[in-house]
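Thanks for coming, everyone. Please look at the slide while I talk you through it.

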Amino acid sequence: MASSVTSKRPYHIIVFGASGFTGQYVVEEVARCATEGIDEPLKWAVAGRSRGRLEKVLEQAANTLSMPALRTDIEIIVADVSIEESMALMCQQGVVILNCVGPYRFFGEPVVKACIENGAHCIDICGEPQFLERMQCEYHSQALERGVYVIGSCGFDSIPADLGVLYTERQLKGTLTAVESFLTISSGPQGGGGHDATWQSAVYGFADSGALRKLRRKMGFKPLPVLGPKLKTRGSVFFSKEIDQYSIPFMGADPSVVKRTQRFLLEAEQKLPVQYSAYVGVGNLFSVAKLACGGLLFWLMVKFSLGRKLLTTFPSFFSFGMFTKEGPSLKQMEDTSFCMTFFGEGYSDGKDPALGPPDAKICTQVIGAEPGYVATPATMVQAAVTVLNDLHSLPNRGGVYTPAAAFSNTRLIERLNTHGIKFSVRSYP
């Protein structure tokens, strides 16, 4: 392990928010990876507000993984985002903090602040653009000065998309200028689902979308330069021949994260940015109608405090059973998988973009298991392992970054390929 553990920092990784729904699966993933291909065992701990709940997390992990030692060998750290001293003590003990406490707009900033002040790297799985962009705006200089890496959206939002664009660019023999991604999710007879915490993040994120526009005006970024033809925006609902189903624009953090990466690569490495649009398949016309009705109701309700209260109190009802306070069952997760397909265009080696239209195309895919609670723990933990082992390959010795900005020169894609997240080149349809 490149980042050795000392008596001052006894743990390589601390899972904060381990007793949450996603946190439980991150704990299990850390336990699986603790002895994989490293010179010294990965030393780790769990942290959260309740010692009793954390003990239950370790008990469940011990039973699930048939690792009885987890009950006694893993340290428990009591820490609460509302108690600054407890956060400082936690961060002083770990090299990398895996922050699983959401919604991040409410609970994320104290973790970022404590990590920077106490010299611990911070990785989260946030899919909330406002939080991610605000942390970069307000904390990048401090993190850079302290030599701390804060790397957001290291879950399903947005490692497959962000690293998928990077992978596509590297596989094209030439210059990539534009990429469209199409996400499809397959599930079994019981369908898929998500946990209430993800639903809450969406409710409050859409309710406060005006604050994100205000933040972007404050940051004052100039439009990114365009190489080649401008990528055309598809409609709000359209039939995609690429994936043979109706599709809509992807409403998560991926477009924001990829754009921030492209801006970083332009400023840091003078690489011309890749244009990017993200879409998700929604199925047939009945699914479109159902989504339209639900979406209209959602947009109306998030504008009012009473509406938000109803949405967060009854997630299952208003999401047509997609999001519940219990989260998806193990069977649902076992039967669910995702596929993100990238269609890119650009110019072949030696072709001058100023002399004609793009003459090169490429299709790539990122596939994996259930995105929220199987793929996300895998991507998060491998991001942490990469920080520990490839720290010398990360940019600028610190700062607040997107996944591809942080990991573009590391072995993260290689690690993901061996942990169920497969990157590959496909034949262009």
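Is Lys331 buried, partly exposed or exposed? With a relative accessible area of 41%, Lys331 is partly exposed. The cut-offs: buried is under 20% relative accessible area, exposed is over 50%, and partly exposed lies in between, with a 1.4 Å probe and protein chains only. Lys331 sits in helix 15, residues 330–334. Helices here are DSSP runs of H or I with at least four residues, strands are E runs of at least two, and both are numbered from the N terminus. From Lys331 to Ala292 the C-alpha distance is 28 Å, and the two are 39 residues apart in sequence.

Some ground rules. This is a predicted model, where local features need pLDDT of at least 70 and side-chain atom pairs count only at pLDDT 80 or more, while totals for chains, interfaces and linings use all residues. Residues are numbered from 1 along each chain as its sequence is written, and side-chain values use heavy atoms, with hydrogens and water left out.

Now the core. A nonpolar core means a set of buried Ala, Val, Leu, Ile, Met, Phe, Trp, Tyr and Cys residues, joined through side-chain atoms within 4.5 Å. The largest one here has 106 residues. Trp44, Met90, Leu98 and Ile123 have the most contacts inside it. Which helix gives the most to this core? Helix 16, residues 371–389, with eight residues. There is also a second, separate core of seven residues, and Trp199, Met301, Leu311 and Phe318 are among them.

Let's zoom in on Trp44. Contact means heavy atoms within 4.5 Å. Set aside the neighbours within four places in sequence, and Trp44 touches Tyr11, Ile13, Val27, Val30, Ala31, Ala34, Leu58, Leu70, Ile74 and Glu75.

Next, helix 4, residues 84–91. Which of its residues are buried? Ser86, Met87, Ala88, Met90 and Cys91. Their cover includes strand 1 (11–16), strand 2 (44–48), strand 3 (75–78), strand 4 and helix 6.

Stay with helix 6, residues 109–118. Helix 4 packs against helix 6 at an angle of about 55 degrees, with the axes 9 Å apart. Axes are lines fitted to C-alpha atoms, for helices over the stretch in contact, and angles run from 0 to 180 degrees between N-to-C directions. Helix 4 and helix 6 are therefore oblique to each other. On that scale, under 35 degrees is roughly parallel, over 145 roughly antiparallel, 65 to 115 roughly perpendicular, and the rest oblique. The crossing of helix 4 and helix 6 is right-handed.

Who meets whom? Helix 4 brings Glu84, Met87, Ala88 and Cys91. Helix 6 brings Pro110, Val111, Lys113, Ala114, Cys115, Glu117 and Asn118. By class, this contact has seven nonpolar, one polar and three charged residues. Ala, Val, Leu, Ile, Met, Phe, Trp, Tyr, Cys and Pro count as nonpolar, Asp, Glu, Lys and Arg as charged, and the others, Gly among them, as polar.

Helix 8 and helix 11 (residues 254–269) cross at roughly 40 degrees, and their axes come within 9 Å. So helix 8 is oblique to helix 11. This crossing is right-handed. On the helix 8 side are Ala161, Asp162 and Val165. On the helix 11 side are Asp254, Val257, Val258, Thr261 and Gln262. That contact has four nonpolar, two polar and two charged residues.

Now the backbone. Where are the cis peptide bonds? One runs from Gly102 to Pro103, with omega near -5 degrees. Pro103 is in the loop between strand 4 (94–99) and helix 5 (104–107). Another joins Asp157 and Ser158, with omega about 10 degrees. Ser158 is in the loop between strand 6 (149–151) and helix 8 (159–171).

Ser153 lies in the loop between strand 6 and helix 8. Its phi is positive, near 50 degrees, and Ser153 is not glycine. Ser153 counts as buried, because its relative accessibility is 1%. Phe320, also not a glycine, has a positive phi of about 55 degrees. Find Phe320 in the loop between helix 14 (315–318) and strand 12 (323–324).

Last stop: Cys363, in strand 14, residues 360–369. Buried or exposed? Buried, at 4% relative accessibility.

Note on methods: Left-handed = near helix turned anticlockwise from the far one by under 90°.
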